[in-house]
Amino acid sequence: MKKYFFSVCILSISLLFNSFHTLNVYAHPHPQLDEKHKHLHMSDQEIIDLIKKGYTRHEVFRAYFISKHANEKNVEKILKVFREKQSWKETAKQFGVDLEKVKKEHLKKHKEFYEKNKAQIINYLATYTGKSTATIEQYLKEDVDLHFLIFAAAISKKGNMDISKIIQDKKSGKSMKEITESAKLDPKAVFHEVKNIQHSIFEAIKNKK
């Protein structure tokens with residue numbers, strides 16, 4: 001169980017770190033925290049305290065991501081350096097973290113997790129989207145991967161759209177950001193739905209054990 005939990009945490013934080021570019025998700029500077037952050041090893045109060053000091057949740061999570069790969073574990077120190085440099089890449093570099101290398105490592109773990117649990121993920125997405133497993137498997141043969149299908153499933157649910165339309169948009173060359181905008185959806189809402197799907201997939205896999 002610990003192994004799966006660790007894998008999902010990696011995927012969630014990696015997705016969080018990259019999705020602010022991909023989906024253009026920007027957290028409100030004073031959000032109401034609606035979930036626990038045990039996987040971050042930070043309490044809601046710690047996050048709220050940093051937000052009260054003027055940092056966004058977006059910035060707090062990114063600084064935490066860097067701290068996980070640096071000798072420096074004080075998130076606020078990392079945030080202060082970011083405010084000076086205004087660059088996450090340069091901030092990470094100052095703390096000895098190569099973000100590109102970390103990203104590649106996380107993507108590798110991401111792919112390994114999805115490949116190992118492919119059957120369960122397909123079954124979950126079939127139920128979630130109301131499609132057959134054969135249809136989901138066919139989508140995977142059409143130049144899309146499980147990562148994108150989770151995103152597409154979230155868009156489908158939030159936008160009340162058929163997932164096939166979203167896949168077609170992907171094939172036509174649209175980015176995740178463009179697909180989200182064309183569906184007239186709040187990127188933050190889509191991102192939260194993606195996280196909900198990931199959590200449900202983890203639970204389904206855990207319960208199979």
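Read along the sequence, the pattern of this protein is α-α-α-α-α-α-α-α-α-α-α-α. That is 12 helices and zero strands, where helices (H or I, at least four residues) and strands (E, at least two) are DSSP runs numbered from the N terminus.

Before the details, some conventions. This is a predicted model, so to speak of local features we need pLDDT of at least 70, and side-chain atom pairs count only at pLDDT 80 or more, while totals for chains, interfaces and linings use all residues. Residues are numbered from 1 along each chain as its sequence is written, and side-chain values use heavy atoms, with hydrogens and water left out.

Two totals for the protein. Of its 209 residues, 46% are buried; buried means under 20% relative accessible area, exposed means over 50%, and partly exposed is in between, with a 1.4 Å probe and protein chains only. Taking contacts between residues at least 6 apart in sequence, 63% join residues at least 24 apart, with contact meaning heavy atoms within 4.5 Å.

Now the helix pairs. Two packed helices are described by the angle between their axes and the distance between the axes. Here the axes are lines fitted to C-alpha atoms, for helices over the stretch in contact, and the angles run from 0 to 180 degrees between N-to-C directions.

Start with helix 7, residues 118–129, and helix 9, residues 146–159: their axes come within 11 Å and cross at roughly 15°. Helix 7 and helix 9 are therefore roughly parallel to each other. For that wording, angles under 35 degrees count as roughly parallel, over 145 as roughly antiparallel, 65 to 115 as roughly perpendicular, and the rest as oblique.

The classes are Ala, Val, Leu, Ile, Met, Phe, Trp, Tyr, Cys and Pro as nonpolar, Asp, Glu, Lys and Arg as charged, and the others, Gly among them, as polar.

Helix 9 also packs on helix 12, residues 187–208, at an angle of about 120° with the axes 9 Å apart. Helix 9 and helix 12 are therefore oblique to each other, and their crossing is right-handed. From helix 9, Ile150, Phe151, Ala153, Ala154, Ile155, Lys157 and Lys158 take part, and they meet Ala189, Val190, Glu193, Val194, Ile197 and Ile201 in helix 12. The residues of this contact of helix 9 with helix 12 divide into 10 nonpolar, no polar and three charged.

One more residue in helix 9 is Ser156, which is buried at a relative accessible area of 13%. Not counting residues up to four places away in sequence, Ser156 touches Met161, Asp162, Ile163 and Ile166.

After helix 10 comes Gly173, with a positive phi near 105°.

Last, the loops. Most residues other than glycine have a negative phi, and most peptide bonds are trans. Where does Asn160 sit? It lies in the loop between helix 9 and helix 10, and its phi is positive, near 55°. Asn160 is exposed, with a relative accessible area of 74%. Gln86, in the loop between helix 4 (75–85) and helix 5 (88–94), also has a positive phi near 55°. Gln86 counts as exposed at 53% relative accessibility.

That is what I have. Questions are welcome.

How values were computed:
A crossing is left-handed if the near helix is turned anticlockwise from the far one by less than a right angle, and right-handed if clockwise.
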